[in-house]
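Work through the exercises below with the model open beside you, and try each task before reading its solution.

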Amino acid sequence: MSAETSDPYLKISNLTKNFGNFTALRDISLEVFEKEFICFLGPSGCGKTTLLRAIAGLDIQTAGEIHQKGKDISALPPSERDFGIVFQSYALFPNLTILKNVAYGLENMKKDKAYIAKRVDELLELVGMPEQGDKHPAQLSGGQQQRVALARALATEPGLLLLDEPLSALDAKVRAHLRHEIKELQSKLGITTVMVTHDQEEALTMADRIVVMNNGVIEQVGTPFEIYREPASPFVADFIGTTNFIKGTLTNNGQVQVGGMTITVTGTSKDLSNGSEVLLCIRPEDVLTGSRADDADNKVESAIDHVEFLGSFHRVHMKPIAGDGTDFTVDVSVARAREMDLSLGAMLKVALPADHMNVYPSVS
């Protein structure tokens, strides 16, 4: 689902949140469109959970407005907002059965008993747990408990689903399986969803768009592809995936002097002038090796410093002969590694293609 030209389903305008003298969110503006799956991504303390809680009304913002489907909900208590929420800790009632947990919101709304029974059965079927209704939370695995929490959040048919790091307490295999299930379920129901995560893989695999946050501000909003291939800042490039950072000085004709090497780059910012200190970023998988480097620009004569085996590929740490702190890494698939000499000190023919490099003003 991509953002459309229609009015946003959720509109956040100039939102600021202070806790005493600490500013957790600073002038945040964001639009979320109907049926979108949005991920708030960033390190601990960046403000992503505070923003989610402001949307839910659990932490009212200090300034700014929130509109949901054209309605100003900025000052409404959580009970008067249209959302379902799933917490990291599941927050299930331990003394209630799974049926009662899922039915909780519907019972509070004074729904008819027959409707509640039918709705709960539908939801347990939806999350793949039709036979578990009579059990208590303690009898279920972590993944099963999270499915119940999801069913409970969906029970009242909310217009907005909020997920606060819903998978972080689960082990890696269960997490990978459940994120696929959640994304599939969200697509099937067409429910607008906002998820908080610090896990870049979760964001890349689940989100229609990612909101990268840092120190209470939004660094970049974009599709997973845009965030990964065209990071707006060194922070985004560093936080999403693995990146080589190479410091240099911009010279004439779109070239950067890096130690004893001259590297050709493309698409430098208009804010950069000759003599500017710059930071080059290139992904390890974009560095060309072997015969593929023959006809490429920016060939770098380098020796292998050390090699990390990471399962499906080797991460090769290179020391350019030109030196001066320009070390970088190259990812080499296991299949290609069989054809290459990756021994310590061996020379490896590599090239840094200009069209795969991003150039930023140098940061101290």
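**Exercise 1: the cavity**

The largest cavity has a volume of about 70 Å³, where a volume is the space filled by probe spheres set on grid points that are joined across faces, edges and corners. This is a predicted model, in which local features need pLDDT of at least 70 and side-chain atom pairs count only at pLDDT 80 or more, while totals for chains, interfaces and linings use all residues. Residues are numbered from 1 along each chain as its sequence is written, and side-chain values use heavy atoms, with hydrogens and water left out.

Task: find which residues line the largest cavity, and sort them by class.

Solution. Begin with the term: on a 1 Å grid over the protein atoms alone, a cavity is a set of points where a 1.4 Å probe fits but cannot get out, a pocket is an open set with protein on both sides within 12 Å along at least five of seven lines, and lining residues have an atom within 4 Å of a point. Next, list the lining, which consists of Tyr228, Arg229, Pro231, Ala237, Thr243, Cys281, Ile282, Arg283, Asp286, His356 and Asn358. Finally, sorting gives 5 nonpolar, 3 polar and 3 charged residues, if Ala, Val, Leu, Ile, Met, Phe, Trp, Tyr, Cys and Pro count as nonpolar, Asp, Glu, Lys and Arg as charged, and the others, Gly among them, as polar.

**Exercise 2: two helices**

Task: decide how helices H4 and H5 are oriented to each other.

Solution. Helices are DSSP runs (H or I, at least four residues; strands are E, at least two), numbered from the N terminus. The axes of H4 and H5 (residues 172-189) come within 11 Å and cross at roughly 20°; axes are lines fitted to C-alpha atoms, for helices over the stretch in contact, and angles run from 0 to 180 degrees between N-to-C directions. H4 and H5 are therefore roughly parallel, since angles under 35 degrees count as roughly parallel, over 145 as roughly antiparallel, 65 to 115 as roughly perpendicular and the rest as oblique. In the contact (heavy atoms within 4.5 Å), Gly143, Gln146, Arg147, Leu150 and Leu154 of H4 meet residues of H5 including Val174 and His177.
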